[in-house]
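Here is a friendly walk through one protein chain. Have a look at the model first, and then we can go through it together.

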Amino acid sequence: MRYGDSSEDNARLLAASYNAFDAAASRLNLNAVELAERMQSGMLADLLKALEDLHGSAPEVQGGICQHCGRDYIGDDSMALSGDCPSDDCPAHIARVLAAEVRGTV
Ligand SMILES: [Zn+2]
């Protein structure tokens, strides 16, 4: 399933994006409006850094369980028990992909 296939997908993506934005704003001790105003004055790099810090460097999937969306990959032979979560509606997956796109590494 790809995002954009239905209005429900779009609503979930919008909610996940807002939650990531709000969490990144909190990390900067700002509210969402303050962050949006600062982004207009060049704070996109700070937002990206906050998002990456929030995501962290620990594997998303640990011991077969995604630490962000809670999916259980135990018993899924196609998945390692530690690594990136492949679910395209997982907040960690979305944050990782968006950050990579902004940095131009995708
Ligand atoms: Zn996940």
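## About the model

This is a predicted model, in which local features need pLDDT of at least 70 and side-chain atom pairs count only at pLDDT 80 or more, while totals for chains, interfaces and linings use all residues. Residues are numbered from 1 along each chain as its sequence is written.

## The chain as a whole

The protein chain has four helices and three strands; helices (H or I, at least four residues) and strands (E, at least two) are DSSP runs, numbered from the N terminus. Along the sequence, their order is α-α-α-β-β-β-α. Taken along the principal axes, the C-alpha atoms fill a box of roughly 45 × 30 × 25 Å.

Of the 106 residues in the protein chain, 18% are buried. A residue counts as buried if 20 or more other C-beta atoms lie within 10 Å of its own, as exposed if 12 or fewer do, and as partly exposed in between, with C-beta atoms placed from the backbone. Among contacts between residues at least 6 apart in sequence, 39% join residues at least 24 apart; a contact means that the two C-beta atoms, placed from the backbone, lie within 7 Å.

## Helix 1 against helix 3

Helix 1 (residues 7-27) packs on helix 3 at an angle of about 100°, with the axes 9 Å apart. Axes are lines fitted to C-alpha atoms, for helices over the stretch in contact, and angles run from 0 to 180 degrees between N-to-C directions. The two helices are therefore roughly perpendicular, a term that covers 65 to 115 degrees.

Helix 1 brings Ala20, Ala23, Ala24 and Arg27 to the contact, and helix 3 brings Leu47, Ala50, Leu51, Asp53 and Leu54. These residues divide into seven nonpolar, no polar and two charged. Here Ala, Val, Leu, Ile, Met, Phe, Trp, Tyr, Cys and Pro count as nonpolar, Asp, Glu, Lys and Arg as charged, and the others, Gly among them, as polar.

## Helix 3 against helix 4

Helix 3 (residues 44-55) also packs with helix 4 (residues 91-103), at an angle of about 145° and with the axes 10 Å apart. On the helix 3 side, Leu48, Leu51, Glu52 and His55 meet Ala92, Ala95, Arg96, Ala99 and Val102 of helix 4. This contact comprises six nonpolar, one polar and two charged residues.

## A look at Arg103

Arg103 lies in helix 4. Is this residue buried or exposed? Arg103 is exposed, because 10 other C-beta atoms lie within 10 Å. The C-alpha atoms of Arg103 and Ala45 are separated by 9.5 Å, although the two residues are 58 residues apart along the chain.

How values were computed
Angles under 35 degrees count as roughly parallel, over 145 as roughly antiparallel, 65 to 115 as roughly perpendicular and the rest as oblique.
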